[in-house]
Amino acid sequence: MPEHHRDDEGAKLGMWLFLFTEILLFGGLFVLYAVYLQRYQPDFHLASAELDVRMGALNTVVLITSSAFVAWGIAALKRGNVKVATRMTVLTIAFAAVFLVVKYFEWGAKFHHGLYPGGAELDARAQGQMVYFALYYLMTGLHGVHIVVGMGVLSWVLWLVNTGHVTPERYVALENAGLYWHLVDLIWIYLFPLFYLIT
């Protein structure tokens, strides 16, 4: 295979700059949450009690485990074990799908009970609870979009590994995908206590 121009350091720097913009995005949302929490503290506590802590905790375990898989896959590829790297990447994608399935059931239950912006049940609640659920859907929904993007990126890198474009000597694509996935995991670790454990 002919040697193409490579800039691994540039690729890593580009990924870190991208991750910084993601941190700014969610950081702004966390500030917004904090402002409204101060304003509607009793309503936020009441609304938080409506969420299923067990499902949130399950998704936390699922994401942390998926992060361990992707780290294991990167380490395996660096050691030259392409087979294990492939398996770990597949498991990471599978656990991401599990996260989305759990979130689907969780959102579905809330929609079934009218607890969504514009829903009859939520419209009858206090202003603070309406703000809480608006932030809940905005922030967990945006996080869910990042999960879907992460699954797409990991699937693409998996294809690169299987076609020999990502190798033990050229692993930066998998490493960057892993960095993105760790950020997705980290954001959820902040979202979980903010929405599920403030009661």
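This is a predicted model: local features need pLDDT of at least 70, side-chain atom pairs count only at pLDDT 80 or more; totals for chains, interfaces and linings use all residues.
1. **Overall make-up.** The secondary structure of the chain comes to seven helices and zero strands. Read from the N terminus on, the order of elements is simply α-α-α-α-α-α-α.

2. An unreviewed UniProt entry places "domain: Heme-copper oxidase subunit III family profile" at residues 9–199. In the model, that span is 84% helix and 0% strand, and its end C-alpha atoms lie 45 Å apart. Please bear in mind that the name comes from the record, where annotations may be inferred rather than shown by experiment.

3. Residues 84–105 are 100% helix and 0% strand, with the end C-alpha atoms 32 Å apart. Residues 179–198 are 90% helix and 0% strand, and here the end C-alpha atoms lie 29 Å apart.

4. **How α6 meets α7.** Helix α6 (residues 127–162) packs against α7 at an angle of about 160°, with 10 Å between the axes. Angles over 145 degrees count as roughly antiparallel, and therefore α6 and α7 are roughly antiparallel to each other. The crossing of α6 past α7 is left-handed. By class, the contact of α6 with α7 has 22 nonpolar and four polar residues, and no charged residues.

5. **The largest pocket: size and lining.** The largest pocket holds about 190 Å³ of space. Its lining is made up of H5, R6, D7, D8, A11, H165, V166, R170, Y171, V172, A173 and N176. The elements giving two or more residues to that lining are α1 (8–39) and α7 (172–196).

6. **The largest pocket: who contributes what?** Which element gives the largest share of the lining of the largest pocket? That is α7, with three residues. By class, the lining of the largest pocket divides into five nonpolar, three polar and four charged residues.

Terms used: Residues are numbered from 1 along each chain as its sequence is written. Side-chain values use heavy atoms; hydrogens and water are left out. On a 1 Å grid over the protein atoms alone, a cavity is a set of points where a 1.4 Å probe fits but cannot get out, and a pocket is an open set with protein on both sides within 12 Å along at least five of seven lines; lining residues have an atom within 4 Å of a point. Grid points are joined across faces, edges and corners, and a volume is the space filled by probe spheres set on the points. Helices (H or I, at least four residues) and strands (E, at least two) are DSSP runs, numbered from the N terminus. Ala, Val, Leu, Ile, Met, Phe, Trp, Tyr, Cys and Pro count as nonpolar, Asp, Glu, Lys and Arg as charged, and the others, Gly among them, as polar. Axes are lines fitted to C-alpha atoms, for helices over the stretch in contact, and angles run from 0 to 180 degrees between N-to-C directions. Angles under 35 degrees count as roughly parallel, over 145 as roughly antiparallel, 65 to 115 as roughly perpendicular and the rest as oblique. A crossing is left-handed if the near helix is turned anticlockwise from the far one by less than a right angle, and right-handed if clockwise.
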